[in-house]
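Here's a quick briefing to read with the model open beside you. Take it a topic at a time and click along as you go.

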Amino acid sequence: MSNFPDPTTSTLPQSAPVSAFSGALAIAPGRVVRGSGILAGAGSALEKFGSRPIVVGGERAIAAAQASLDTALTGFTATTASTAPDCSESVLARLNQVAATHQADFVIGLGGGKALDTAKLLAHQRQLPVVTVPTAGATCAAWTALSNVYSDNGAFLYDVPLDQCPDLLILDYNLVATAPNRMLAAGIGDALAKWYEASISSGTSQDTLIVSAVQQARVLRDLLLQYSITALDEPGGEAWQQMVDASVLMAGVIGGVGGAQCRTVAAHAVHNGLTQLPASHGTLHGEKVAYGILVQLRLEEMVQGSQLAATARQQLLEFYRAIHLPTTLADMGMGAITLEDLDAAATFACHKRSDIHHLPFPVSPSVVMGAMVSTNAPTRVSPPSLESAHPVQPYDADGDRHSEEITL
Ligand SMILES: [Zn+2]
């Protein structure tokens, strides 16, 4: 795709080039604090980072947090700026100006994934500490050392690995509870992808930490399948809080422990392709990724004849319907997509540096298009079971009772 920028020539500062530190790990935030209503009391935790924060976030997030934030920042000299419309180069340029004028000495990011990605990248560019305050359970962006950069119109451009995870993560469940249920459902979809992608990209790794990350991704999947429906039925309840931890924290742990080698595969590549289409912009990151998992499983079925993938897809279709995640293009409001647009999304998903090529077989845009339009196709396999789509030997050989006990 001609509009895919070369990160090596991008105007945005990139992370340090490969060096003696190329194996460096960015596993976790410096500190994670969590609880209900804790933001208002965070002043002393924030003091160590400076006295002149720039607070960046989405308008809804800042409005939801304003009262708590005002209390927490008593005695600070803060300025506030919006991250709208996206984590884009033009927004980052504007925020750099605001930060410079304010002489900001640390960054506070408030919001969902895009706002937090913006805050992290702003801090990275200015070499400032960053505090992340998620206001939705929609992604693990509050945790990770990675920012995705989009165009002002919301088309994915590239990601930027950061030197480290945020200095402080404040998870205030009262704030997260202000977000609609749909946001947490999207976070569940994004977190589910950890297993379906990591088991493909890293399932045969002998590296201790990567083996650990892949196994944690399976446990995360099991927890999500077990508790998500209850969580979404009872916002603010115990299961809900556990699923917020799963989406915001544990998904981040897996990304941190797995590191750069524990890569995304087709689910996120399909997401990236879909973002090239304005018609997809009404859906959330995690919703597109959830749909992308189905596309990935469909590819494994179509190209490899994988029965396990077929079984897993049927299982997920049932689960998605229960928690209102999209199962088809039509569910995302793209039922009338043109062949040209479908081709554009699939072609972007297959660009030469795309993570889709971590699949163990070659794919072309036409095959991806076929998978994208058949995510809810029936299969001839036996009724859905809870068998793993990607068993990782030898761990399954001992009998993975935890997986077997899961009920939807
Ligand atoms: Zn994601």
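Before we start, a contact here means two residues whose C-beta atoms, placed from the backbone, lie within 7 Å. This is a predicted model, so local features need pLDDT of at least 70 and side-chain atom pairs count only at pLDDT 80 or more, while totals for chains, interfaces and linings use all residues. Residues are numbered from 1 along each chain as its sequence is written.

**The big picture**

- The protein has 14 helices and 8 strands; these are DSSP runs numbered from the N terminus, with helices being H or I of at least four residues and strands E of at least two.
- Buried residues make up 50% of the 408 residues. Buried means that 20 or more other C-beta atoms lie within 10 Å of a residue's own, exposed means 12 or fewer, and partly exposed is in between, with C-beta atoms placed from the backbone.
- Of the contacts with a separation of 6 or more, 78% are between residues 24 or more positions apart.

**The core and helix 6**

- The largest nonpolar core has 129 residues, and Val107, Leu220 and Ile293 have the most contacts inside it. Such a core is a set of buried Ala, Val, Leu, Ile, Met, Phe, Trp, Tyr and Cys residues joined through C-beta atoms within 7 Å.
- Helix 6 gives the largest share of this core, 12 residues.
- Domain 1 (32–176) and domain 2 (182–402) both contribute residues, so the core lies between them; the domain bounds come from an automatic or database domain assignment.
- Setting aside neighbours within four places in sequence, Val107 is in contact with Pro53, Ile54, Val56, Ala119, Leu122, Ala123, Leu128 and Val130.
- Helix 6 is mostly covered, with 20 of its 22 residues buried.

- An open sheet is built from 6 strands in the order 1-8-5-4-2-3, with parallel pairing. Two strands count as paired if DSSP finds at least two bridges between them.
- Its edges are strand 1 (32–35) and strand 3 (79–82), each pairing on one side only.
- Neighbouring strands in this sheet are turned by 15 degrees against each other on average, direction ignored. Angles run from 0 to 180 degrees between N-to-C directions, using axes that are lines fitted to C-alpha atoms, for helices over the stretch in contact.
- Helix 2 (residues 59–72) lies across strand 2 (53–57), strand 3, strand 4 (106–111) and strand 5, and runs at about 115 degrees to strand 4.

**Strand 5 and its partners**

- Strand 5 (residues 130–134) pairs in the parallel sense with strand 8 (residues 168–172) over 2 bridges, and Thr132 stands opposite Leu169 in strand 8.
- Strand 4 and strand 5 also pair in the parallel sense, over 5 bridges; Thr132 is the bridge partner of Gly109 there.
- Is strand 5 mostly covered or uncovered? It is mostly covered, with 5 of its 5 residues buried.
- Both faces of strand 5 are covered: Val130, Thr132 and Pro134 are buried on one side, and Val131 and Val133 on the other.

**Loops worth a click**

- Ala84 and Pro85 are joined by a cis peptide bond, with omega about 5 degrees. Pro85 is in the loop between strand 3 and helix 3 (89–102).
- Asp86 is found in the loop between strand 3 and helix 3. Asp86 counts as buried because 24 other C-beta atoms lie within 10 Å.
- Leaving aside neighbours within four places in sequence, Asp86 is in contact with Val91, Lys114, Tyr150, Asp152 and Gly154.
- Asp86 and Val149 are 63 residues apart along the chain, with their C-alpha atoms separated by 8.2 Å.
- Gln127, in the loop between helix 4 (113–126) and strand 5, has a phi near 55 degrees, a positive value in a residue other than glycine. Gln127 is exposed, with 8 other C-beta atoms within 10 Å.
- His324, in the loop between helix 11 and helix 12 (339–349), has a positive phi of about 65 degrees although it is not a glycine. His324 counts as partly exposed, with 13 C-beta neighbours inside 10 Å.
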